[in-house]
Amino acid sequence: MLLDCSPSLGVLTLNALTAADELVIPLQCETLSHRGVGQLLDTVGEVQRRTNRDLTVLGVLPTLFDGRTNHSHAVLNDVSARYGLTVLEPAIPKSVRFAEAPAAGRSVLATASSSKGAQAYRELARRLAEGHQPETMKVIA
């Protein structure tokens, strides 16, 4: 079961972390976005101490990733080095298709199923469903 939570540390997120076995942290590849990773990891530590000792962080999933820029790579390198997190692949590429999907009231898988972003999400889902652990997944940075 996959629990998709809003980017807040409210009671629903705490309940999801308590119920979860593993955590994938989506990370927009922008400078200010990775600052919340530290807060989330602090919360994960509290959840592990109080309500879910078995919660495991699989790693960060790069989103809005533009592999042509040094900036995207620098953000991933910083997060990996600072927090010791695995950077999961495939990265989810930046695409206007993600903005168009909610406007149509549908997911990107329904509105642009052959887009690179939809393909990347399918590949990640396949890897997670097959039980690949972070050390066996290809890592980018």
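**Figure 1. Arg 126 and Glu 123 within helix α6.** Both Arg 126 and Glu 123 belong to helix α6 (residues 116–129), where three residues, about one turn of the helix, separate them; helices here are DSSP runs of H or I with at least four residues, strands are runs of E with at least two, and both are numbered from the N terminus. In this predicted model, local features need pLDDT of at least 70, side-chain atom pairs count only at pLDDT 80 or more, and totals for chains, interfaces and linings use all residues. Residues are numbered from 1 along each chain as its sequence is written, and side-chain values use heavy atoms, with hydrogens and water left out. A salt bridge joins the side chains of Arg 126 and Glu 123 at 2.5 Å, N to O, the term requiring a side-chain nitrogen of Lys or Arg within 4 Å of a carboxyl oxygen of Asp or Glu. Arg 126 is partly exposed, its relative accessible area being 37%, and Glu 123 also counts as partly exposed, at 24% (buried means under 20% relative accessible area, exposed over 50%, partly exposed in between, with a 1.4 Å probe and protein chains only).

Figure 2. Arg 127 is buried, with a relative accessible area of 16%. Through salt bridges that share partners, Glu 123, Arg 126, Arg 127 and Glu 130 are joined into one network.

**Figure 3. The salt bridge between Arg 68 and Asp 66.** The closest N and O atoms of this pair are 2.9 Å apart. Arg 68 counts as exposed, at 74% relative accessibility, whereas Asp 66 counts as buried, at 18%. A search of the whole structure finds eight salt bridges.

**Figure 4. The chain that surrounds these views.** Six helices and two strands make up the secondary structure of the chain, and from the N terminus on the elements follow the order α-β-α-β-α-α-α-α. The C-alpha atoms fill a box of roughly 40 × 35 × 30 Å, taken along the principal axes. Of the 141 residues in the chain, 35% are buried. Among contacts with a separation of 6 or more, 73% come from residues 24 or more positions apart, a contact being heavy atoms within 4.5 Å.
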